[in-house]
Amino acid sequence: MNDKLGIVKHYVLTLARQRRRNRAALEKWQERRILRHIAAVRQASPFYGELWANYRDREWRDFPVIDKTVMMEHFDRLNTAGVSREAALEAAAIAERTRNFKPTVGGTTVGLSSGTSGSRGLFLVNPREQAAWTGTVLAKLLPRALWRKERLAFFLRANSNLYESVQSGRLQFEFFDLLDPLERHVERLNDYQAGIWVAPPSILRMLADARLAGRLAVQPHKLVGVAEVLDPLDRQIIEAAFGQPVHQAYQCTEGFLGATCHLGTMHLNEDIVHIQKEYLDEQSRRFVPIITDFSRTSQPIIRYRLNDILTEADKPCLCGSPYTAIERIEGRCDDILYFPHAEHGGAVAAFPDFITRAVIAASPEIAHYKVVQHNWHQLEVSIQLSSSASDEKVVHEGVSSELARLLERIGCSLPELVFKPYSFVPGNAKLRRVERRFKL
Ligand SMILES: [Zn+2]
């Protein structure tokens, strides 16, 4: 660990800020922080300086909104670390190929987000930000762990400096490569006896199945899902297998955006990012976040639209935190399915969660599912049943009638359904249970 003091400082700061209870005071404090941050970024980043040329700092809420495409296009002039996109991509590619996980350019750590090819994002983190990130993550997810002996099992697609800094005297951390087979994970977990497991939900689900089958003997005391949407079906099975809630960290290339409190409710990290809600559907409280991170300086993220669908909780969390409570992170906007309206033919949106709920409701025999929309008129549905004794035909009919009911409710008719056997190998790709594979 290169900056223990920095980590401890941010750990303590984060915990102190978590004790705040007053929303109005939080917003005032945020505004001051943002103004200070924006003044500095305007000076340091030529891209933002030009973008905001006609605005004053206090008009930051009106600054043009950017997204991943804009960020990648202007990467060289946007970041303040003097790292070119070419150099960053090269360092990340070499690190990934040789699996030596030390990609840095001039002292700045480079990361490459997972994601579909072509849409992978680059991120830069300097040593100060790295220490701040580690301290914040530890405080939010393991609020007492820094002072205790703990063993952590981290499941990651590729290691990086960012994660390695979690290693420290009392905290023991072990890296599990997502590309390893399940049997190896089981063997190592049985040996290593980690109390805290941090993994994508698809891996936690595999481990839950291994535990239910009696192959995995260890019992963690905390489970944290990262990097994938936590599907309600997976959540139910994992929680039943381990007898405890699945916590979540909402972390992406763009920042550390949320974490669950001790009650298991996801809260936005409004002590480091400001999140504006761009509503997709006010009635169901679904929104796309526009984020302004006031803690990062090497790659400033200001008025940046994420491609995620979040649902705000309908009531405050009982933990008393003033940070916005989120009911569910539903996945990417690209995975909203669209169907032609039965009468006027216009596109009608079906949120991924609508599809999930309909499929799960069809039968308690469903162990895994995946729904892919290839075009307007066809849905591919893959199902794996929990027992070979169950009648596949009956389940398929159930799925068909649940989906028909859902589509009727939103004014559309049921498209052609193509049933296929389910298959998914966790590790290489992220699990998306509802996916759209055509452009509108
Ligand atoms: Zn809470």
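Biologist: Arg20 lies over the face of Trp29, but at what distance from the ring centre?

Modeller: This is a predicted model, in which local features need pLDDT of at least 70, side-chain atom pairs count only at pLDDT 80 or more, and totals for chains, interfaces and linings use all residues. Residues are numbered from 1 along each chain as its sequence is written, and side-chain values use heavy atoms, with hydrogens and water left out. A charge sits over a ring if NZ of Lys or CZ of Arg is within 6 Å of the ring centre and within 35 degrees of the ring normal. For Arg20 over the face of Trp29, the distance from the ring centre is 4.4 Å.

Biologist: Which ring has Arg433 over its face?

Modeller: The distance from Arg433 to the centre of this ring is 5.3 Å. The ring is that of Tyr369.

Biologist: How many aromatic pairs does the structure hold?

Modeller: Rings of Phe, Tyr and Trp (its six-membered ring) pair if their centres lie within 6.5 Å; planes under 30 degrees apart count as stacked, over 60 as edge-to-face and the rest as tilted. On that basis, the number of aromatic pairs is 11.

Biologist: Is the pair of Phe47 and Tyr48 stacked or edge-to-face?

Modeller: The ring centres of Phe47 and Tyr48 are 5.2 Å apart. Their planes are at 65°, so the pair is edge-to-face.

Biologist: What is the angle between the planes of Phe351 and Phe354?

Modeller: Phe351 and Phe354 form an edge-to-face pair, 5.6 Å centre to centre. The angle between their planes is 90°.

Biologist: Does Phe354 count as buried or partly exposed?

Modeller: Buried means under 20% relative accessible area and exposed over 50%, with partly exposed in between (1.4 Å probe, protein chains only). Phe351, at 7% relative accessibility, counts as buried. Phe354 is at 22% and therefore counts as partly exposed.

Biologist: How far does helix H1 reach from its first C-alpha to its last?

Modeller: Helices (H or I, at least four residues) and strands (E, at least two) are DSSP runs, numbered from the N terminus. The expected span of a helix is 1.5 Å times one less than its number of residues. Helix H1 (residues 4-18) has 15 residues, with an expected 21 Å. Its reach is close to that, at 21 Å.

Biologist: What arc around the axis of H1 do its buried residues cover?

Modeller: The buried residues of H1 are Gly6, Ile7, His10, Tyr11, Thr14, Leu15 and Arg17. They lie on the same side of H1, because the arc that they cover (taken from the directions from the helix axis to the C-beta atoms) is only 165°.

Biologist: Which helices are included in what covers the buried residues of H1?

Modeller: Contact means heavy atoms within 4.5 Å. The cover of the buried residues of H1 includes helix H2 (23-44) and helix H7 (127-141).

Biologist: How many of the 12 residues of H10 are buried?

Modeller: Helix H10 (residues 201-212) should span 16 Å, and its end C-alpha atoms are 16 Å apart, which agrees. Its buried residues include Ile203, Leu204 and Met206. H10 is largely enclosed by the rest of the structure, because its buried residues number nine.

Biologist: Which residue just after H10 takes a positive phi?

Modeller: The residue lies in the loop between H10 and strand E7 (222-225). Its phi is about 85°, and it is Gly214.

Biologist: What is the relative accessible area of Gln193?

Modeller: Gln193 is in the loop between helix H9 (182-192) and strand E6 (196-199). Its phi is near 55°, a positive value in a residue other than glycine. Gln193 is partly exposed, with a relative accessible area of 48%.

Biologist: Which residues does Asp67 touch, not counting those up to four places away in sequence?

Modeller: Asp67 is in the loop between helix H3 (46-51) and helix H4 (68-73). Asp67 and Arg305 are 238 residues apart in sequence and 5.1 Å apart in space, C-alpha to C-alpha. The residues that Asp67 touches are Tyr304 and Arg305.

Biologist: What distance separates the centres of domain 1 and domain 2?

Modeller: The domain assignment of the chain, with bounds from an automatic or database assignment, gives domain 1 (4-333) and domain 2 (336-436). Their contact takes 25 residues from domain 1 and 22 residues from domain 2. Taken over C-alpha atoms, the centres are separated by 30 Å.
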